[in-house]
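User: Please walk me through how to read this model, feature by feature, giving the general idea before the particular case.

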Amino acid sequence: MGDSLRWGLVGGHEGEVHMRVVVAGAGIVGVATAIWCQRAGHDVTLVDRDGPAAEASHGNAGVLAAGGVIPVTVPGLARRAPGMLLDRSSPLFLRWGYLPRLAGFLRAYLGHATEAHVRHYAGAMARLLGDAQAQHLDLARGTGAERFVHPHDYAFGYGSDAARRADEWGWGIRRDAGVRFEEVAGDAYDDPFWRGRFARVVVCRDHGRISDPGAYVAALFDHFRAEGGDFVRASVADVVLEDGRCTALETDAGRVGGDAVVIALGAWAAPLARKLGARALRFETERGYHVELVAPSAFPRDSMMVAEGKFAVNAMEGRIRCAGVVEFGGLRAPASRAPLTMLRRRIAALFPDLTWKEEREWLGHRPATADSLPLIGEASGAFLAFGHQHVGLTGGPKTGRIVAGMIGKEAGEDWSAFAPERHSGRKT
């Protein structure tokens with residue numbers, strides 16, 4: 001492993017080395033990387049085909065899930081998955097025509113559904129996510145985006161005592177990873193909006209929420225521009241390699257080069273990562289959905305994960321967002337009706353007393369590696385920062401800070417659990 005894997009968190013002071021940094025991707029990871037590089041004294045150019053927060057950073061659940069240390073691939077998933085795909089109330093969906101293209105990824109993905117891998121994942125992600133609230137506040141300070149960051153509890157609601165008991169293994173993993181939580185009866189939960197809707201509620205401390213993810217990232221982007229950052233609206237087609245090192249991006253607006261190049265393109269990053277050396281990368285897009293309830297008759301104080309439906313409910317500005325679902329179907333297919341129908345059915349059952357003026361729906365793409373861990377680190381002279389699956393918003397600010405530290409060669413922690421080298425196809 002290279003020394004770059006030990007370069008860590010930039011502290012916000014002016015860096016000793018002045019560099020030209022190019023960041024591909026204007027979601028939360030890319031914008032955070034750009035701001036932390038800017039704060040370190042570098043000249044930064046952001047490149048994105050659509051502008052800030054156009055994809056998953058816009059439509060995610062808005063939860064700062066510091067305790068999000070359990071992957072989808074838990075033991076027993078391979079046994080349960082066929083039944084889940086046939087169950088209309090399940091949060092797992094597949095566009096069956098996509099299955100032939102998915103087969104190789106699924107074999108690798110389900111191969112990680114072991115207790116040993118879950119514990120490895122939990123330990124690594126606890127280090128990346130555990131201080132998410134503080135990392136968001138640090139990133140947002142002085143940008144105008146502070147108003148969107150709210151320290152709050154994040155709760156998990158269970159419809160029955162049996163459902164809560166069935167999840168005990170996962171809570172043990174979280175406890176071992178340092179997640180602080182306590183359990184109460186549903187009738188005793190102190191958020192009036194949620195009281196009585198569940199049999200049991202597990203309340204996670206030290207979390208938070210973003211009250212409008214799209215507007216939050218847009219405000220951060222505006223600050224980046226106001227501080228002198230450049231923006232190129234263009235699609236990234238390729239990377240330029242000279243003597244085995246990445247020196248520029250090829251875009252439909254021409255070549256954009258610099259002393260350091262960062263790939264933070266989320267679900268669209270894998271082809272470039274493979275060209276940069278992650279040749280064995282098994283990667284897919286997890287299609288996620290949300291339904292928003294506009295102008296509801298009441299708002300929750302705390303964000304809630306509805307455990308049986310595996311979707312999160314969060315208060316946004318003027319609306320409630322219900323977001324979740326895992327669907328495999330690639331980047332090109334339009335939204336499926338079945339996941340949205342399932343979400344609406346769950347919403348109706350959960351909120352029989354709630355009214356709202358209208359509904360909005362959305363489909364987005366989560367970047368998913370077969371081992372569920374993001375790629376954070378150097379590859380062929382470039383820096384990769386993508387693959388956060390369900391926790392891109394949560395981990396975006398710290399990921400950007402880590403990458404900025406790697407670019408500036410600042411001493412820090414060992415982040416080798418996320419090293420792109422693990423996908424090189426060579427033994428490391």
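User: How is burial judged, and is R287 buried or exposed?

Analyst: Burial is read from relative accessible area, with buried meaning under 20%, exposed over 50% and partly exposed in between, for a 1.4 Å probe and protein chains only. R287 has a relative accessible area of 0% and is therefore buried. Please keep in mind that this is a predicted model, in which local features need pLDDT of at least 70 and side-chain atom pairs count only at pLDDT 80 or more, whereas totals for chains, interfaces and linings use all residues. Residues are numbered from 1 along each chain as its sequence is written, and side-chain values use heavy atoms, with hydrogens and water left out.

User: Where in the fold does R287 lie, and with which side chain does its own side chain make a polar contact?

Analyst: Secondary structure is taken from DSSP runs numbered from the N terminus, where helices are H or I runs of at least four residues and strands are E runs of at least two. R287 is placed in strand 15. A polar contact is a pair of N or O atoms within 3.5 Å; within protein, one must be able to donate a hydrogen and the other to accept it, and residues adjacent in sequence count only if both atoms are side-chain atoms. By that criterion the side chain of R287 makes a polar contact with the side chain of E327, at 2.6 Å, and a polar atom of the R287 side chain also lies 3.1 Å from the backbone oxygen of A333.

User: Which residues are linked with E292 in a network of salt bridges?

Analyst: The network links D212, E292, R319, R321 and R360. One of its pairs is R319 with E292, at 2.9 Å from N to O; R319 belongs to strand 18 (residues 319-328) and E292 to strand 15 (residues 283-294), so that distant parts of the chain, 27 residues apart, are linked. Both residues of that pair, R319 and E292, are buried. E292 also meets R321 at 2.7 Å, N to O, and because E292 lies in strand 15 and R321 in strand 18, this pair ties together parts that are 29 residues apart in sequence. R321 is buried too, at 1% relative accessible area. In the salt bridge between R360 and E292 the closest N and O atoms are 3.8 Å apart, and the pair again links distant parts of the chain, with R360 in strand 19 (residues 358-369) and a separation of 68 residues. R360 is partly exposed, its relative accessible area being 40%.

User: What is a nonpolar core, and how many residues does the largest one have?

Analyst: A nonpolar core is a set of buried Ala, Val, Leu, Ile, Met, Phe, Trp, Tyr and Cys residues joined through side-chain atoms within 4.5 Å. The largest here has 71 residues, and V21, M125, Y216 and I407 are those with the most contacts inside it. Contact means heavy atoms within 4.5 Å, and M125, leaving aside its neighbours within four places in sequence, is in contact with V69, G130, L373, P374, V391 and F418. Apart from this core lies another, of 25 residues, among them F193, F198, L340 and L343.

User: How is strand pairing read, and in which direction do strand 20 and strand 21 run?

Analyst: Two strands pair if DSSP finds at least two bridges between them. Strand 20 and strand 21 (residues 382-386) run antiparallel and are joined by five bridges, with G377 opposite L384 in strand 21. Four of the five residues of strand 20 (residues 375-379) are buried, so the strand is largely enclosed by the rest of the structure. The hairpin has two residues between its strands, and S380 takes a positive phi near 50° there.

Conventions
A salt bridge is a side-chain nitrogen of Lys or Arg within 4 Å of a carboxyl oxygen of Asp or Glu.
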